[in-house]
Amino acid sequence: MQEPRIIYKKAEPSLADGIVHDHLHWQVFATVEKFRVGEDKPYEVVKQKGNLLLNEGIQKMLDLLTGTGGTSYNATNARIGVGNGSAAAAATQTALQGGSSIFVAMGGTYPSRASQTVSFQGTFGSGTAEFSWEEWSIDNGSTGTLNLNRKVGNLGTKGTNETWVLTADITVS
């Protein structure tokens, strides 16, 4: 007896079915507001687009989505970090790559969600993270073992007597 022939076809949308989408859009904008101590207006604002989801972050999101456990990226656990590493981002990385790096807790009402955008924000005060900011990431705990993402790109060199505020807005559609 001959085995049946199997034919794989791509589903074609019809007006009755609506539109078929097989992709996810992950759009990230980071903003760094740079303040001199004692000033309430930033002397510079740097904006950066894009980042890379890390495998461990994808796995944790799926665990949280399916209720199989894990630490949430919430106000208690989420942190945002910066480092001076310039190695290209790779999905297999599990940490910031630079020799100097630091994570800070979320500020005030962060993380927050509005519609399909979640925002993370951390403040790096005077005496903190005073090095060249070449990379950033969001993690969900004090050990930095579950990084959601990583972005490589020059955000500037933080000097003494400065406070920098890093905000990452992630939109999923």
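**Close-up views of a predicted chain**

**View 1: I58 and its helix.** I58 sits in helix 1, which spans residues 55-66 (helices are DSSP runs of H or I with at least four residues, strands are E runs of at least two, and both are numbered from the N terminus). This is a predicted model, where local features need pLDDT of at least 70, side-chain atom pairs count only at pLDDT 80 or more, and totals for chains, interfaces and linings use all residues. Residues are numbered from 1 along each chain as its sequence is written, and side-chain values use heavy atoms, leaving out hydrogens and water.

So is I58 buried, exposed or partly exposed? I58 counts as partly exposed because its relative accessibility is 32% (buried is under 20% relative accessible area, exposed is over 50%, and partly exposed lies in between, with a 1.4 Å probe and protein chains only).

**View 2: N51 and its neighbours.** N51 is found in the loop between strand 2 (44-49) and strand 3 (52-53). Leaving aside residues up to four places away in sequence, N51 touches W26, V28, W136, N149, R150 and K151 (a contact means heavy atoms within 4.5 Å). With W26, the N51 side chain also makes a side-chain polar contact of 3.0 Å (a pair of N or O atoms within 3.5 Å; within protein, one must be able to donate a hydrogen and the other to accept it, and residues adjacent in sequence count only if both atoms are side-chain atoms).

**View 3: the chain around these spots.** There is one helix here, along with 10 strands, and their order along the sequence is β-β-β-α-β-β-β-β-β-β-β. Of the 173 residues in the chain, 36% are buried.
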